[in-house]
Amino acid sequence: MSEKKGMEALEIGMVESFSKTVTEADVYAFAGITGDFYGVHVDEEFAKKTRYGTRIAHGALLVGFISTVMAKMSSKIPPPGGVSYRYDVKFTAPVKFGDTVTTSLEAIEKNMEKREIIFQASSTNQRGEKVLEGRTVLKVL
């Protein structure tokens, strides 16, 4: 049996996931890397006055979790692999410090002409609440 090549290595319905407990250190490191020190993320007194009542993780950190799962998917494609290049997501609930987020991608569509694989993206917390939903696209190189 021959090894699958390129886009054939990923099949519709394939699922990968990644789980991470979001800590205060994670949020501060992310703020330092990106320069986003908005109070809802790093200032508890400010955050107490918001509808969340406490500090929350940056939404872009959750997009980073999608990137982590995309790397797992890309590693299944023989070299040179693929790169993610589009994210269309909606944040549906806040991620608070101490929440464990599980991010999953499911391959839902292939466009052979464009060499793209489209994934349904979903993130949930430890209570099963959806905190992110959307789609992302892998471009096969």
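Gly 64 is found in helix H4. Helices (H or I, at least four residues) and strands (E, at least two) are DSSP runs, numbered from the N terminus. Gly 64 is partly exposed, with a relative accessible area of 32%. Buried means under 20% relative accessible area, exposed means over 50%, and partly exposed lies in between (1.4 Å probe, protein chains only). Asp 43 is 21 residues from Gly 64 along the chain, and their C-alpha atoms are separated by 22 Å. The model is a predicted one, in which local features need pLDDT of at least 70 and side-chain atom pairs count only at pLDDT 80 or more, while totals for chains, interfaces and linings use all residues. Residues are numbered from 1 along each chain as its sequence is written, and side-chain values use heavy atoms, with hydrogens and water left out.

Ser 74 also lies in helix H4, which covers residues 59-74. Ser 74 is buried, at a relative accessible area of 11%. Beyond residues up to four places away in sequence, Ser 74 touches Gly 81, Gly 82 and Leu 138. Contact here means heavy atoms within 4.5 Å. The loop between H4 and S2 holds Pro 80. The peptide bond from Pro 79 to Pro 80 is cis, with omega near 10 degrees.

The chain as a whole has four helices and five strands. Read from the N terminus, the order is β-α-α-α-α-β-β-β-β. The C-alpha trace spans about 60 × 30 × 25 Å along its principal axes. The chain has 141 residues, and 35% of them count as buried. Among contacts with a separation of 6 or more, 66% come from residues 24 or more positions apart. The accessible surface of the chain is about 7,700 Å², and carbon and sulfur atoms account for 53% of it. These areas come from the Shrake-Rupley method with a 1.4 Å probe; for residues, only the protein chains shown count as cover. The chain carries 19 positive and 18 negative charges, and their mean positions are 2 Å apart. Lys and Arg count as positive and Asp and Glu as negative, while His and the chain ends are not counted. Each charge is placed at NZ of Lys, CZ of Arg, CG of Asp or CD of Glu.

Strand pairing was examined next. Two strands pair if DSSP finds at least two bridges between them. Strand S2 (residues 82-91) runs antiparallel to strand S5 (residues 130-140), and nine bridges join them. Lys 90 has Glu 133 in S5 as its bridge partner. S5 is also joined to strand S4 (residues 116-124) by nine bridges, again in an antiparallel arrangement. Ile 118 stands opposite Val 137 in S5, and Ser 123 stands opposite Leu 132 in S5. S4 and S5 form a hairpin with five residues between them. In its turn, Gly 128 has a positive phi of about 80 degrees.

S3 and S4 pair over nine bridges, in the antiparallel sense. Thr 103 stands opposite Ser 123 in S4. Four residues separate S3 and S4 in their hairpin. Arg 115 sits in the loop between these strands. Arg 115 is not a glycine, yet its phi is positive, at about 60 degrees. The residue is partly exposed, with a relative accessible area of 35%. In a regular strand the side chains alternate between the two faces of the sheet.

A nonpolar core is a set of buried Ala, Val, Leu, Ile, Met, Phe, Trp, Tyr and Cys residues joined through side-chain atoms within 4.5 Å. The largest such core has 25 residues, and Val 22, Ile 117, Phe 119 and Leu 138 touch the most other members. Helix H1 (24-34), H4, strand S3 (100-111), S4 and S5 each supply at least two residues of this core. H4 gives the most, with seven residues. In soluble globular proteins, nonpolar side chains tend to be buried together.
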